[in-house]
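Subject: Structure for your review

Dear colleague,

Please find below the structure that I am handing over to you.

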Number of protein chains: 2
Amino acid sequence: MPPRLRGAVCSRQQSTRRTASPDTISALKDLLGVRMSTSRSVLDQHGTDESYHDVTPPDAVAFVESTEEVAEVIKICAATRTPVIPFGAGTSIEGHISAVAGGVSVDLSGMNGILKLDQENMSIKVEAGVTREQLNADLRATGLMFPVDPGANATIGGMVATNASGTTTVKYGNMKTNVLSLTAVMADGRIIKTGSKTRKSSAGYDLTRLLIGAEGTLAVVTEVELRLSGVPEAEKAMICSFDKMKDAIDTCTTVMQMGIPVARMEMMDENVVDAVNRYSNLDNPLRPLLIIEHHGSVGELEQQSRVVQEIARDFGAMDIEVASTAEDRKRLWSGRHSVWHAVLSQVPGSRGFSADVAVPFSKLTGAVVETQQDLKNSGLFGTIVGHVGDGNFHVLIPFTDDNKEHLGRMKAFSHRLVKRALACGGTCTGEHGIGIGKMDYLPMEHGEAVDFMYTIKKALDPLDIMNPGKIFYANTHSN
Amino acid sequence: MPPRLRGAVCSRQQSTRRTASPDTISALKDLLGVRMSTSRSVLDQHGTDESYHDVTPPDAVAFVESTEEVAEVIKICAATRTPVIPFGAGTSIEGHISAVAGGVSVDLSGMNGILKLDQENMSIKVEAGVTREQLNADLRATGLMFPVDPGANATIGGMVATNASGTTTVKYGNMKTNVLSLTAVMADGRIIKTGSKTRKSSAGYDLTRLLIGAEGTLAVVTEVELRLSGVPEAEKAMICSFDKMKDAIDTCTTVMQMGIPVARMEMMDENVVDAVNRYSNLDNPLRPLLIIEHHGSVGELEQQSRVVQEIARDFGAMDIEVASTAEDRKRLWSGRHSVWHAVLSQVPGSRGFSADVAVPFSKLTGAVVETQQDLKNSGLFGTIVGHVGDGNFHVLIPFTDDNKEHLGRMKAFSHRLVKRALACGGTCTGEHGIGIGKMDYLPMEHGEAVDFMYTIKKALDPLDIMNPGKIFYANTHSN
């Protein structure tokens, strides 16, 4: 028998705390001068993301300005086994930037340079700290766009870390589809370049797609070459409502199965509609809504939109409204874009919890309907929005830290939701990542495969300094 | 300083030969009975693929019938550090199935069961030995298809191993796009399942895309769940010719940059046209040809085809012929489909060498034109065909083993071609893989990143039994 690889699945031990030593802090100070901070407010800000997780600030924050500086920071940290936690915009929602084992937060927001636009090749190279909105503003005059849109104004580096996606993924794909190559600093401080500018390659292991979604646990990504898409000639959106959620989702699955091209396909339940109505003083009927958008030539959109309307009517769609002008589309989408704030505004002083599961299409209707019922049974106020074209949906629940009983019910609900998704062949996270919030579920979803993920982690980061305590529980046996 | 990972880049040592011992053979015999063979002809067949590489037969062939049997074979081989070489249809062209270090060929062609079609979810689970043609024949009545088409009737497992793609990749993507999940047997005999049936997930490292393109060096893939596409409502193809290659390719890049949806976009140079004319008794004009195909609704195709024709005319296209019926399309494509045999038939008794590079769009015209000139300067008969929508092109050269001088010129040409592709940011292989033929080029393309690929290899296959001697040179320092 070959030696069995020893795995992470059974152990639940957290990473031990490895506080940055005075020597480490001093070496970083020598390297970065005033761009190294240990001020309380800076530390607290870098331990906080948009999640429901507790604040765990780092011991120091390094505001880096180049790939080479990141490499130096990692070498300094590696010398004392000090954890390195990459930080972009702080918009992650599973505690990815939390310094659970102490260490140094590497803030890449200053690395926000657009390095090279290649219009002919429809690609652009940017530093990891460039935000999505900055990038698209920069592209405005080119007729090109970067289509991945997770909602938040995340950095491109952060979007790489969590394999971000969003409303447009049904047409344009997620980060794995839209990243051509990466520059990354590995755990030993060496700088590598993965992938290439070509649209395809079969040359060696796909380190690009290994690092995308690795949540900073294997490398710090410093530069990203992105595939761009042409701004569509025309866009057309349709909104409609249904008596029952089932009819809304059956409309979606039919559209997908018929292969009708859609650029976005979003579902909102009646609770979302209610919240948006109150927040924005609207009077949409309190029924599940569907918004479907097409991108293409005017002629294509006409035809696609007509077929989709027919399908929707077959499932009993009401109040169908179609928007072709930019202004009308903006109005039509405004409700969807304000969901997060609208829902939180329903509970004063609340923060938001966002569940994030994806299931196979064939299971989507059942999973959403059961989840609605579960919310009701749990006596929880929660709202469901879905990137239904991808089988992915979120449940947004506002909560306050002082109401422990409510928190408990919320966590129990979330647990049942993930179990429900896994039971029908789904995933515990469609786009938010594992972070510290879903570590229990990774082995439930992937079984022994997690051992091999962890084997890769140990091989590439033998000192366990790269964002430790995320994705996997530390394994005392294997250190 | 952290410990430097020791790498594979510098060493060029081949794997040492590790012949399967009599005990290993005997254990395999006990497991498989008559499905274990050491007959000369069976061994020779399993050391031969469609490449220009020498035949290196294995010591034994195990005709496996289940994932569990593969696991047992690997455990038996691991006990004596005997190499395990997965074998599908033998259609690879970089010596992937060659037993360069001895060992046991694991023939998966008997694992050709269609395990589960899920029409609602548009996915299908198959055993790795199912061939592409078998799969699509099986799907014929469903209105669904598996779109990846590398030309050869490869097995799905083989297509996973090399990250296969082909003429339709410009629209439907390659294997990385179209595989949902894998069942794989790892180097210690453990069976894992990667990925899930969902269209997206951010749960942990992407083992699916790590194993796709790993050429059997990390695991033996035994089952594959594939994403299917709807058979398009209609298809429309156009063929046209140009005075100059540059105009043909400029047409392609313009179509791509304008974002006009194409399902195939193939280029053939005048030498291909000449070979096809002779082979099939045709009289196509001896000029570079372009074939562009669209898939979609009748209305969409009409419009797309019109725009593409306009663009082609702007670049001086001649003899534009459009085919809408299945029969006309078949005739129009017949030349492209017969290229391999047509080219080989030009040199009696020859085998074929196929170069396979991809470059960024913006460099495609230059790379192809220079390559044509290089062929001419080298006095070589070679033909260029390209999946130009992906920036990928092949040079097919017929050769005979006895003409050493010609072989030398061919290899020198191939070397210059790869260097040319790498110099403009391209890849040494767009779809064939590294195998034993491109091992020198992997470090040229990926630099130190190869060290980290090799680190993963050593971590997941510490005994170096999984298809050793492919992708990387064995590194004496690190064993």
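By what turn and what shift along the axis can chain A be laid on chain B? A turn of 180 degrees with a shift of 0.0 Å along the axis does so, at an RMSD of 0.0 Å. That is the relation of a two-fold axis. Please bear in mind throughout that this is a predicted model.

**The interface of chain A and chain B**

The two copies meet through the same surface, because 100% of the interface residues of chain A are also interface residues in chain B. Chain A brings 90 residues to the contact, and chain B likewise brings 90 residues. Between them the chains bury about 7,200 Å², with carbon and sulfur atoms accounting for 60% of that area. On the side of chain A, the residues that lose the most area to chain B are R190(A), K200(A) and Y205(A), which together make up 14% of what that side buries.

One pair joined by a salt bridge is D451(A) with R190(B), whose closest N and O atoms are 2.9 Å apart.

Several elements of chain A give two or more residues to the side that touches chain B, among them helices α3 (67–79), α11 (298–314) and α16 (441–446), and strand β9 (191–195). The largest share, nine residues, comes from α17(A), which spans residues 449–460. By class, this side of chain A consists of 36 nonpolar, 33 polar and 21 charged residues.

**The two domains of chain A**

Within chain A, the domain assignment gives domain 1 as residues 19–231 + 445–468 and domain 2 as residues 234–424. The centres of these two domains, taken over C-alpha atoms, are separated by 30 Å. In the contact between them, 15 residues of domain 1 of chain A meet 19 residues of domain 2 of chain A. The area buried there is about 1,400 Å², and 58% of it comes from carbon and sulfur atoms. On the domain 1 side, Y52(A), T167(A) and V170(A) lose the most area to domain 2 of chain A, together 47% of what that side buries.

How many salt bridges does the rule find across the interface of domain 1 and domain 2 of chain A? The count for this interface is zero. Polar contacts do occur across the interface of the two domains: five residue pairs, both residues at pLDDT 80 or more. Helix α6 (residues 169–172) of chain A gives the most to the side of domain 1 that touches domain 2, with four residues. Helix α6 is also one of the elements that give two or more residues to the side of chain A that touches chain B. The domain 1 side that touches domain 2 of chain A divides into four nonpolar, six polar and five charged residues.

**Salt bridges in the whole structure**

Over all chains, the structure holds 72 salt bridges. A salt bridge in chain A links the side chains of D250(A) and K246(A), at 2.7 Å from N to O. Both residues lie in helix α9 of chain A, four residues apart, which is about one turn of the helix. Helix α9 (245–257) is likewise among the elements that give two or more residues to the side of chain A that touches chain B.

With kind regards

Definitions and conventions
Residues numbered from 1 in each chain as written. Chains lettered and ligands numbered in written order. Predicted model: local features only at pLDDT ≥ 70, side-chain atom pairs only at ≥ 80, totals over all residues. Heavy atoms only, no water. Domains from an automatic or database assignment. Contact = heavy atoms within 4.5 Å. Buried area = accessible area lost by both parts, 1.4 Å probe. Salt bridge = Lys/Arg side-chain N within 4 Å of Asp/Glu carboxyl O. Polar contact = N/O pair within 3.5 Å; in protein donor to acceptor, adjacent residues only side chain to side chain. Nonpolar A, V, L, I, M, F, W, Y, C, P; charged D, E, K, R; others polar. Least-squares fit on C-alpha atoms with pLDDT ≥ 70 in both.
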